[in-house]
Structure formats: C-alpha cells, structure tokens
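Let's take a walk through this one together. Have the viewer open and follow along.

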Amino acid sequence: MEHFFFHTLAGSIVLIVLKTLALLVPVLVGIAYLTWLERKVLAAIMLRKGPNVVGPFGLMQPFADAVKMIFKETVIPAKANRVLFFIAPILVFTLSLIAWAVIPVNNGWAVANLNIGILYLLAISSLGVYGTLLAGWASNSKYSLLGAMRATAQMISYEVSIGLIIVSILLLVGSANLNDIVLAQRRIWFFLPMFPMFIIFFISCLAETNRPPFDFAVGESELVAGFFVEYSSMAFGLFFLAEYGNMILMSAIISILFLGGWLPPLDYVPFTWIPAPFWLIIKILFCLFCFIWVRSAFPRYRYDQLMRLGWKIFLPFSLIWVVLTAGFLMSTGIGIYGGAG
Amino acid sequence: MTPIILFYIFAIILLLSAIMVVSVRNSVHAALFLILAFCNAAGLFMLAGAEFLAVLLVAIYAGAVMVLFMFIVMTMQTELVQLKEGVQRYMPVGCVIAFILIIEFILIAIHWKVDPKIINQFSNSPLQHISNTKALGNILYTHYVLLFQICGLILLVAMIGAIVLTLHKNPNNRRQNIAKQHRREPNQSLEVHDVPLNKSIKDIGGFIRPKETYYGVTQEDSFGPKPGDKSDITEKRQQREQIK
C-alpha cells in the first residue's frame, strides 16, 4: 500500500487527488455555509431573523438556493461571445479554488508545500482579474463592460499594496514558504509588530474581493450588478461562489500572514487541547465575521476615493514600511539569517 | 519520462498559441492566446527547475502587463480594415527586420557553446544547494548590482516619461481637495438669513449656493476659474446671458 502511494505514478496521482478532495470539500461546504452565515450576521446586526424557514435555524438554506440556481434557465445574450462567456465564470471559480493548494492547515499539511508559496498566491490572485475582465467584455453590454473596467482597475491597484505588505513580511521571515511564515510566528504573531500593515492588508483584501464598502463592480444603484449582469443560472452561481471562496481564501491568508496560522495563542495546556487546524478555522471565521461586519457598518466609498486611498495612501505607506522593516532588521541584525520570530 | 511528456505538451501549446496570436482576427482573442503562451512558458520554466522565474512570469507578464493590454484592446474598436491599411507600406521594413533577426538566430545557433568555466562554477558553488529565489538574489544583488540599479533607473525614467506624456491639467476640471474639505467651517459655506414672509432669498441679497463654490468667488487654491479669469466657461456664460 505504501509502495503504491509513494513510489508509483498512478499512486501519487491518486494521493494528490485525495489530498485535494480533503481540502476542497470542506472549502466548498464552507462557501455554502458562509452565505448562510453572512445572512444571519447581517440579520442580527439589523435586528432581523435572517433565513429561518428551510431546516432548523435555516441551515438547509444554502442547498435550497443551490437547487434554485441550478434549475434556472441559462440565458445567453444574443451578441455575446459565447466561448468566452462560458469560460469566464469557470475561470473565476477555478482560480479561487487552486490557490488553496499552498495553504497549510497544520505543520507541513499542505497539498503542495512550495518554497515560493506566497508568490504563487500573488500570481494566482493577479490572474483572477481575467475572469472579471472577460465576463464584462464577452457579455457585450455597456453595464458589464463598465463594471469589469471598474473591478479590474480596483483589483490591480490594491494588488500593489498587498504585494508590498507581503514583501515586508518576507523580510521578517526570510522565506516565501507559507509553512515557514507560520513557524516564524511562534514567539509573536505578526499582527502586533506589523499592526498598521495588518489593517492595510485587511482593507486591501476587502477591495481585492470586491466586498463592501468597495463593491463598485456590483454598485447596484449605478451598474445593476456590474460585470456579471448578463449572467443567469449556474454561471451566475459560479461568480457568487467564487466571491465567497475568495473571501475565505483571503481570510486564510490574513490568518497565516498575521494571526499565526494554526498556532494557538499561547503554547499552554488549555489552548493546546484544541487541535491545530481548528485554530486556523477559528481565525478564518474571525476574519470572515469582520468582512461581514464591515459590510453592514460602512456605506459604499466613491470610486475616485477608492483610487486615491489605494495609490496615494496605502502604496506610499506600505513602501515606507518595507524600507523601515528592512532598516530595522539590518540595524538590529535580527532577520538576516532568516526568521525574526 | 513524465517531464519529457510535459515538456512536449507545454512546448506544443506554447508554439500553437504563439501562432494563433498573430493569426486570429479578433484582437481580444489574440491577447488571450498570448496569455496562454505566457502560462505555458511558465510551465517550461517550472520543468527546468526555475520556479521563481515561472511565478514571476505569470504574475508580471500574464497578471499585470497583459491586463493593461486587454484594457486597451477591449475599449478600442479595432476594425480589421483599419489594421490592414498600412500592410503594404510597412511590409518592406518588417521583412528587413525579420531577415536580420533570422540571420542573428542562425549565427547564435551555429556558434552556441556554454562556457566551460560557468559549468565548473555552478557544479562547485554553494548555490547548488540553496533555493532558486536565494540563488537569484545572491547573484543579482552582488555581481550584477550595478546593472540591476541601472535597470531600475531606466524603468523609473520610462515611468516618469509616460506620466508626463499623459498628464495634462484641465483648468476647468473641478477636483476634490480633501484637505480643504476637512478644513472648511460651516460659516465659510453657509449663510443664515431671516427671510420675511412673501419674500424670496434673492430679495434680501443672499444666494442659495454655498459661498465658496459660487461663481467667481472660488478661492485661489481650487482648480476652478479664478476671479477675473476669462476662460471658455465665463465667455459661454456671458453669451448665454446676453441671449436671454
């Protein structure tokens, strides 16, 4: 058995598929229940009840929604570019899932323990723009195109500051491997020494996933639903799932970069009873709650304000922070041999 | 065995998509095929063990440069007739460049030899045992640091050039000055009047719009037309009033 899995080609492929399923099935269930959680939290903030009809506490609501979505008719606009129209949602959803390959859920538990894990995440998230862009262009509609332009401009502007924040973390850790990044936080989680970057990273993640208060792509009052206005049925569903998938992914990245990944807050008995992956899940849930909380607490930004925030405030600030971090590490000699934690 | 198969898969897709880039009619499709070509080139880098370069290729070329290309291509209505207009005129120049390139490639192919010194250097160096990223960094920031800095400077100059070329200030463009907005006090923009019954605000000499943005009262640091400044808008306004 061991020989089959570790020493034959077919065995290693089967192993990879099993690993992927073990990661992606919980992620997909998580996406389904994130929609439920969002509606419940929003309802609680607005003093409503939220979904409570389908199943106990409305717990079967995501499945009811999925069934509804699947049985709707797929409408293709007459002058749409059919091939790209179908590729776009598939691309968006696939990209939101393959980034999970490098996320470690425990020491060494990742589908692919890449040495350049964080760069892989950056590359994947920069490819995610294409799904949006193609969806907007292929539907051949003015609203879609405008929505796609907005969403794309927004995503590429905030990627710049995300990249710079990641650079300052890499300076602290001395490795681009996500596993090493978490292990470097054994003594202190990075959100304490890097607190301003933690806040900027969180806000950039909101902008990157097109979530409120930066949801210009879907600015209902101006662009109806932005780049996916022409989509219906499961094609729309895929965009929807991808958005929530990206939310969970971004929360996982925040947890790994700043909140110590799978590490318990203190390395003592009551905390170490809880298995490591559950700590990661708790941190992801905390970030997700913040995502939803922000949605209900803040009004939508204006587009030029968003661009100003990204390029004129976040970018210079994170750039200066990189220089400061590098200077601090050089002058104290902490991070030169890799690992400040 | 698997790397060889993968190599041929990547190489074939790379070549096919490169051919498609120059042969498809729709320019958006051409850009997409170029992205496919980049991704496959990244796959080839990965097979060669250069994972850092592979990821950079995807992140920078496919993820950033091509997005800007797509922006332009999508918003531009490129007609095929327009594109084909200049073909005959530019053909000779293109042929000459292609000819020179082919000759150069042939010359390189004939004289290609790897310097034996470099092979020795790499087989004995400590670089062999450290990761791709560190190896690149070690070389880039020690041996080639000067060239690296010059590259950065050239890019900086190009960036400044692009900004200077596209930046033009429109004096009539009203832009938001956030610091100014924060500094504003209520009495700068509000006037409170007691309006008697059956009178309008105009009768007692007030105006409804905020003081500051009222026409002709714009402050000096704002982008609007200055007092006494006869821009297009003032002329048009005067014309309109004369017509009335």
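Start where the two chains meet: 24 residues of chain A and 25 residues of chain B take part in the contact. Keep in mind that this is a predicted model, so everything below is computed from predicted coordinates.

How much area is buried between chain A and chain B? The answer is about 2000 Å², and carbon and sulfur atoms give 78% of that. On the chain A side, look for A:Ile116, A:Tyr130 and A:Trp137: together they supply 28% of the area that chain A buries against chain B, more than any other three residues.

Which elements of chain A give two or more residues to the side that touches chain B? They are helix 5 (117–138), helix 6 (142–173) and helix 13 (303–332). Helix 5 of chain A brings the largest share, 10 residues. Sort this side of chain A by class and you get 15 nonpolar, six polar and three charged residues.

Two elements of chain B give two or more residues to the patch, helix 1 (2–23) and helix 2 (27–47). Helix 1 of chain B has the largest share, 10 residues.

Finally, go back to chain A for a couple of backbone details. What kind of peptide bond joins A:Pro212 and A:Pro213? That bond is cis, with omega at about 5 degrees. To find the spot, follow chain A to the loop between helix 8 (195–208) and helix 9 (220–223), where A:Pro213 lies.

The other stop is A:Leu47, which isn't a glycine and yet has a positive phi of about 55 degrees. This leucine, A:Leu47, is in a loop as well, between helix 2 (9–45) and helix 3 (61–71) of chain A.

Conventions:
Residues numbered from 1 in each chain as written. Chains lettered and ligands numbered in written order. Predicted model: local features only at pLDDT ≥ 70, side-chain atom pairs only at ≥ 80, totals over all residues. Heavy atoms only, no water. Contact = heavy atoms within 4.5 Å. Buried area = accessible area lost by both parts, 1.4 Å probe. Helix = DSSP H or I, 4+ residues; strand = E, 2+ residues; numbered from the N terminus. Nonpolar A, V, L, I, M, F, W, Y, C, P; charged D, E, K, R; others polar.
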